[in-house]
Amino acid sequence: MKSAVETLEPTRVKLTVEVSYEELTPSIDHAYQHIAKDVSIPGFRKGKVPPRIIDQRIGFGAVLEHAVNDALPGFYRDAVRESGVSPLGQPDVEVTAVPVDKAGDLTFTAEVDVRPEFELPELSSLTLEVDPVDVDDDEIEERLEVLRQRFATLQGVERAAADTDFVVLDLTAVIDGEEVDTVSGISYQIGSGNMLEGLDEAVTGLAAGETATFTAPLAGGDRAGEEAEVTVTVTGVKEQELPDVDDEFAQLASEFDTLEELRADLRAQASTGKVNGQAVQARDKLLDALLEAVDFPVPAAVVEAEVVRHLESEDRLEDDEHRAEVQVEATDALRRQLLLDALAESLSVQVSQNELLDFLVRTAQQYRVDPNEFVQNADRTGQIPVFVGEIARNKSLALALRKVTVVDADGLAVDLTPFIGADEDDAEAGADVELDVADEGVEVVEVATPAEADLADELASVEATEAPAAADAADAADADDAPAKPARARKTPAKKAAKADEEATTDAKADDAKAGDEAPAKPARTRKAPAKKRADAAE
């Protein structure tokens, strides 16, 4: 087989592939066997029809078409591997020449979006500054106040409602004279601002049994966003009584006997939280620094496919203003993924089977799906390579953080070893590496890249733009997905031209996909992947 690569654009190439008749012969033999099982010809049992009879009755063109459809994905895979390109999305395949009279070469072209080439900066030259871990007394008092509110009691009062009071409300919403919603006995804290606009102002100063009317957009339901005339009646007013801050409160709210011990524990918690925050901050600043240091184009077709997928999921294809917002988000997310993929490649990141299984189990739990079903559906729908990529991106950020310098605002070195480990520890224990902090993951657009194990079977496993993989696998666990109809390659004018089967695989982030327990990656949906992917993946 001969192949050549022509660069059409920085993010798109054209592969021209020539396959000799001898290389195509095994697929032709298989085509004869397959057709022999399907046709009924007098005088011959099914499966025993000789090739010459098939040529006479069916025609060699049908055999050739079957053989090309069967062999094309493998030849495309080999051409991708030989060329060294990294496909993104589905290729546009066209068969330009086929063997004639059982002689000659099969020739086809494949245009496909690819990952752009760019140089990453030297990681050891980067210095990241993060916030210090100092905890002041005001922070301790804030935590103590939150704890007091958790153990507060409510007492009914005979007075007008004031700020921070809890009120019991009956609400009725009317639009154009039609009652569209009503609720009774709902509890609300004045000043929380988590219900309707204008509600705080309407109920402040009302006593039990008093009513007020105001206008506000509805926050939910079928008429969400529409202006409604809302009538609110206060049926009860309660004030919050906070416990005194003393040893007795410490015993009530914690396992400690004294207030001094409780304060010390709150300080330790705040310090731990800030240390975790340093790791998250370092991760985010590293990604920002890398994005700022490199400039590369992103494949427009891949971005557009993600935009359309996103808008279709929201049924907003005609919303041009929202389309513009989604396009910016999708472009930024794809840039993050491409950069992290390049980072993972430069650091030779490998994903172990244990890491993959652990990720799949935790993602299944996040979506409240049986892990066995989740794994089976992820494998069946071709999403495993996407998850592997998500984990690799997550690991790449953790490994890269080992090579940069991290300091606080005072210029003091910050040790992130508890979160990212050390090369020496990995060498001794063979430990898996990932940024071990709880945080929302880095949002990426999931795009499948070649995975060796899957390339052997289907063209779809080589190149497909992925939808959020985790969500799709979770949905598939609840309902069987109908198989996608294969897309066919364009035929040449000749009657014997063959068609190339292609299948698209789908992905989860999530967006994205958020990974509840992993810092760097998520799925996300543009999945704000994912991503995630989410999840634990670096975008």
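Is the crossing of H8 and H9 left-handed or right-handed?

Author: The model is predicted, so local features need pLDDT of at least 70 and side-chain atom pairs count only at pLDDT 80 or more, while totals for chains, interfaces and linings use all residues. Residues are numbered from 1 along each chain as its sequence is written, and side-chain values use heavy atoms, with hydrogens and water left out.

The crossing of H8 and H9 is right-handed; a crossing has this name if the near helix is turned clockwise from the far one by less than a right angle, and is left-handed if the turn is anticlockwise. Helix H8 covers residues 300-314, and helix H9 covers residues 320-346, where helices are DSSP runs of H or I with at least four residues and strands are runs of E with at least two, numbered from the N terminus. The axes of H8 and H9 come within 9 Å and cross at roughly 130°, an axis being a line fitted to C-alpha atoms, for helices over the stretch in contact, and the angle running from 0 to 180 degrees between N-to-C directions. H8 and H9 are therefore oblique to each other, since angles under 35 degrees count as roughly parallel, over 145 as roughly antiparallel, 65 to 115 as roughly perpendicular and the rest as oblique.

The contact, which means heavy atoms within 4.5 Å, is made on the H8 side by residues including Val303, Val307, Leu311 and Glu314, and on the H9 side by residues including Arg323, Val326, Ala330 and Leu334. By class, the contact of H8 with H9 has eight nonpolar, four polar and four charged residues; here Ala, Val, Leu, Ile, Met, Phe, Trp, Tyr, Cys and Pro count as nonpolar, Asp, Glu, Lys and Arg as charged, and the others, Gly among them, as polar.

Glu314, one of the contact residues of H8, also meets the side chain of Arg316 in a salt bridge, at 4.0 Å from N to O, where a salt bridge is a side-chain nitrogen of Lys or Arg within 4 Å of a carboxyl oxygen of Asp or Glu. Glu314 counts as partly exposed at 34% relative accessibility, and Arg316 is partly exposed at 33%; buried means under 20% relative accessible area, exposed over 50% and partly exposed in between, using a 1.4 Å probe and protein chains only.

Asp341 lies in H9 and Arg393 in helix H12 (residues 384-401), so the pair ties together parts that are 52 residues apart in sequence. Asp341 is buried, with a relative accessible area of 12%, and Arg393 is buried too, at 2%.

Helix H7 (residues 259-293) holds Leu291, which counts as buried at 19% relative accessibility. Leaving aside residues up to four places away in sequence, Leu291 touches Arg335, Arg336 and Leu339. Leu291 and Arg335 are 44 residues apart in sequence, and their C-alpha atoms are 8.0 Å apart in space.
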